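Please read this briefing beside the sequence and the coordinates. The points are grouped by topic.

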Amino acid sequence: MNMLTQKTMTNTKIKRVSVIPQSSKAKNRFANVMDHFHMCTVEQEKVIDGVPHFFLVSMNRMYCFWVPVKGNEHWKIEK
């Protein structure tokens with residue numbers, strides 16, 4: 001690994017948020033797929049139809065989903 005690659009890797013920050021399931025569908029995913037882990041890694045941030053969204057990946061990497069930054073009927077987001 002060269003010095004440039006090494007420096008780039010050490011400067012990368014991982015952003016995480018906590019999610020709280022709100023709907024029965026989200027509660028099912030939370031229990032059966034996400035292993036009850038509230039923390040998710042923010043893989044992407046994007047504006048969709050004028051609304052900022054996060055693309056989240058569960059800590060066990062078994063569940064991925066787009067959710068508005070302010071949450072929706074399925075998920076509440078806590079930063």
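Lysine 76 and glutamate 78 are joined through their side chains by a salt bridge, with N and O 4.0 Å apart; the term stands for a side-chain nitrogen of Lys or Arg within 4 Å of a carboxyl oxygen of Asp or Glu. Lysine 76 is partly exposed at a relative accessible area of 42%, and glutamate 78 is partly exposed at 35%. Here buried means under 20% relative accessible area, exposed means over 50%, and partly exposed lies in between (1.4 Å probe, protein chains only).

The model is predicted: local features need pLDDT of at least 70, side-chain atom pairs count only at pLDDT 80 or more, and totals for chains, interfaces and linings use all residues. Residues are numbered from 1 along each chain as its sequence is written, and side-chain values use heavy atoms, with hydrogens and water left out.

**Other salt bridges**

- Three salt bridges are found when the whole structure is searched.
- Side chains of opposite charge can pair when their charged atoms come close.
- Glutamate 45 pairs with lysine 15 in a salt bridge whose closest N and O atoms are 3.4 Å apart. Because glutamate 45 belongs to strand β2 and lysine 15 to the loop between α1 (3-11) and β1 (16-21), this pair ties together parts that are 30 residues apart in sequence.
- Glutamate 45 is exposed, at 54% relative accessible area, whereas lysine 15 is partly exposed at 35%.
- Arginine 61 and glutamate 43 form a salt bridge at 3.3 Å from N to O. The pair links distant parts of the chain, 18 residues apart: arginine 61 sits in the loop between β3 (51-58) and β4 (64-68), and glutamate 43 in strand β2.
- Arginine 61 counts as exposed at 52% relative accessibility, while glutamate 43 counts as partly exposed at 40%.

**Fold and chain totals**

- The chain holds two helices and five strands; these are DSSP runs, numbered from the N terminus, with helices being H or I of at least four residues and strands E of at least two.
- Read from the N terminus, the order of elements is α-β-α-β-β-β-β.
- Of the 79 residues in the chain, 32% are buried.
- Of the contacts (heavy atoms within 4.5 Å) between residues at least 6 apart in sequence, 40% join residues at least 24 apart.
- The chain has an accessible surface of about 5700 Å², and carbon and sulfur atoms account for 54% of that surface. Accessible areas come from the Shrake-Rupley method with a 1.4 Å probe, and for residues only the protein chains shown count as cover.

**Nonpolar surface patch**

- Phe37, Met39 and Met59 make a nonpolar surface patch of about 260 Å². Patches consist of residues with over 30% relative accessible area and no salt bridge, where like charges are joined within 9 Å and nonpolar side chains (Val, Leu, Ile, Met, Phe, Trp, Tyr) within 5 Å.
- Phenylalanine 37 is placed in the loop between α2 (24-32) and β2 (39-48), and its 42% relative accessibility makes it partly exposed.

**Serine 23**

- Serine 23 lies in the loop between β1 and α2 and counts as buried at 14% relative accessibility.
- The serine 23 side chain reaches the backbone nitrogen of alanine 26 at 3.1 Å.
- Apart from neighbours within four places in sequence, serine 23 is in contact with Glu73 and His74.

Definitions and conventions:
Polar contact = N/O pair within 3.5 Å; in protein donor to acceptor, adjacent residues only side chain to side chain.
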